[in-house]
Amino acid sequence: MRRRSSLPVTFLAPTLAILLVLSMVPTLYAIVIALQNRELSTPAYSWVWFSNFADLFLDRRFLNAVWVSVKWEVVTVVATMVLAIGLGVLMFEVASPRLRNVYCLLFIIPVLLPRVSAAFVWKFAYHPLYGIATYPYRLITGGMIFDPLSKASTALFAVASVDVWQWGLFFAVIVLKLLETLPPQPIEAARLDHAKRWQIHAYVTLPMLKAPLISLMFVKMIESLRSFDLIYVMTRGGPGVATETLDMYAFSQGFIESGKVSYASAMAVLMMIATVITFTFLWKRVQA
Amino acid sequence: MRPYPIRLGRLIAKAILALAGFLAVFPLVWTALNALKNNVDIITRVPRLVFTPTLANISYILGRDSVLTGLYNSVVACGSAVLIGVALGLPAAYAVARYPNRFAGDIQFFVLSLRFLPPVAVAIPLMVIWLQVGLYDTLPALIVTYSLLTISVIMWLAIPSFQGVPREIEEAAFVDGYGAYSVFWRIALPVAARSLAGAIAFSFVLVWNEFLIALMLSSSNAKTLPIVASELSQQGMNVPWGILNASVVLLSLPPLLFLGVLSGFLNSVFRQKKS
């Protein structure tokens, strides 16, 4: 029995108003800038309407960045989910409760690190001469050099491995906790039917967890959009443009190479439209 | 029936898990060790486990003005943004959790959708705006921008925490004559405190780790620690590896302090789900 109270209004209105202002002002302004031809070097500008957008579709580096971003998204999301489900199931099967707690604590550590730190840690580790991660290769081949970050074919995967190191291990903990919330009866029943361990998970437990696993994947898809820190520190988009994602390219157009703020903003606006449409659609489907 | 292959399977599974646990922390431990090494002990083709430790890197880092300024900026910017997030996010979350109206779903979706916005799309216009207002490269600009992150994240995570407070306690307080506000202050907040602490810690880690916005909104005065650390690596050809490792360790320590709180938060979220 709750009396009518002013609480919902006084508690919600200011916060929502501030959130709306803080999010809508930059968003609308991003669109305004994208329709102009601002550059960092001069304060003068004029309206060019959609010519930035038209230029983008003729810009091969932009199209490359779209492709790299899509690859990044697919590689990191798939690898994270596979690793998380694999390790989560393994912990559920063979680790004692005490050991589970230890693993859970260890697996949360990488995701807490600032991405800049994680990127540096692995940049050293991947160093061709002194890196700890390339050491086994040097040892086996007798001192041959393997430089994953400066080869176009491996650079994206090397950077993606850091992302998966952070999120895959963390999600493994969540998968384990999800498995622990399941009722034991269906698993027992499957066991009585002589189902093998992997069959129990493939046909019983994981299908039961379909909804939360899809939500988890949704979260990872959103977080994968934030690839900038890792790429900026580890490769700066290189070698060439092999790891140049959209945000990296927008940043270098806007700030490093030419100071074309409007052009960068047009790119950011396209990203924003694409992600908002995609994720709104997915979210409605997840909720349904 | 076939005990042998099963036992072998379990052994392999345990080995994989142990390897994963090792890989989770070893790179970080190695970085911490490198922070204690002289450059000669780092630049070796065969990694050195035995070396004479030195505190030179750490004292160099802690003695540099740029690092100390970065640390100060990070603490002030993140601390203030989290406080603002708490002051505005917690009450709003409570209102959504306890006074459901027909917009509750839309409000939750709006708050989540702020997370979809690409950081570049927010940072570019904000840079232009702050330049025009004359607040570019200042802490207030960074604090306001970060508040958008902290308010939305705290609100998003606190809604389930408040929903987890047993309704009966609140109803009983109403019967005892408490008003809506004192129920929030005296009942809901203290009862939900532990899982709220997790939400707040999470928002702190999020802004502490933030890089892109800080990079675009600061040029010299308002640089946060991640920016300073990333710049140390660009000191010419002769990379001071030890110093770089020490700065990575310094940058990573604050989030790791919250390890306990955050893993407790995770546990409480899933215990709720189970019941």
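Helices (H or I, at least four residues) and strands (E, at least two) are taken here as DSSP runs and are numbered from the N terminus. On this basis chain A contains 13 helices and zero strands, and its pattern along the sequence reads α-α-α-α-α-α-α-α-α-α-α-α-α. The structure is a predicted model, in which local features need pLDDT of at least 70 and side-chain atom pairs count only at pLDDT 80 or more, while totals for chains, interfaces and linings use all residues. Residues are numbered from 1 along each chain as its sequence is written, and chains are lettered from A and ligands numbered from 1 in the order in which they are written.

Confidence is expressed as pLDDT, the predictor's confidence in each residue, from 0 to 100. For chain A the average pLDDT is 88, with 98% of the residues scoring at least 70. Within this chain, confidence is highest in helix H3 (residues 60-94) of chain A, at a mean of 94, and lowest in helix H6 (residues 135-141) of chain A, at 84.

The C-alpha atoms of chain A fill a box of roughly 80 × 75 × 30 Å along the principal axes. A residue is called buried if 20 or more other C-beta atoms lie within 10 Å of its own, exposed if 12 or fewer, and partly exposed in between, with C-beta atoms placed from the backbone. By this criterion, 42% of the 288 residues in chain A are buried. Two residues are in contact if their C-beta atoms, placed from the backbone, lie within 7 Å; among contacts in chain A between residues at least 6 apart in sequence, 68% join residues at least 24 apart.

Chain B likewise has a secondary structure of 13 helices and zero strands. The radius of gyration (taken over C-alpha atoms, with a globule rule of 2.2 Å times the number of residues to the power 0.38) is 24 Å for chain B, well over the 19 Å that the rule gives for 275 residues, so chain B is more spread out than a compact globule. Its C-alpha atoms fill a box of roughly 75 × 70 × 30 Å, taken along the principal axes, and 43% of the 275 residues of chain B count as buried. Among contacts in chain B between residues at least 6 apart in sequence, 80% join residues at least 24 apart.

Between the two chains, 74 residues of chain A are in contact with 72 residues of chain B. Helix H1 (residues 7-34) of chain A supplies the largest share of the side of chain A that touches chain B, with 16 residues. That side divides into 57 nonpolar, nine polar and eight charged residues, where Ala, Val, Leu, Ile, Met, Phe, Trp, Tyr, Cys and Pro count as nonpolar, Asp, Glu, Lys and Arg as charged, and the others, Gly among them, as polar.

A nonpolar core is defined as a set of buried Ala, Val, Leu, Ile, Met, Phe, Trp, Tyr and Cys residues joined through C-beta atoms within 7 Å. The largest such core has 163 residues, and those with the most contacts inside it are A:Met267, A:Ala268, B:Ile124 and B:Leu217. H7(A) gives the most to this core, with 19 residues. When residues up to four places away in sequence are not counted, A:Met267 touches A:Leu56, A:Phe62, A:Leu246, A:Tyr249 and A:Ala250. A:Ser161 is placed in helix H7 (residues 152-181) of chain A and counts as buried because it has 20 C-beta neighbours inside 10 Å.

The UniProt annotation "transmembrane region" (unreviewed entry) covers residues 74-95, 102-122, 155-179, 200-219 and 261-283 of chain A; UniProt positions are given in the numbering used here, feature names are shortened, and annotations may be inferred rather than shown by experiment. Residues 261-283 of chain A are 100% helix and 0% strand, with end C-alpha atoms 32 Å apart. In chain B, UniProt places the feature (unreviewed entry) at spans including residues 71-97 and 196-219. The former span is 100% helix, with end C-alpha atoms 36 Å apart.

Elsewhere in chain A, helix H8 (residues 185-192) lies largely in the open, because the number buried among its eight residues is zero. A:Arg236, in the loop between helix H11 (228-234) and helix H12 (246-257) of chain A, has a positive phi near 55 degrees.
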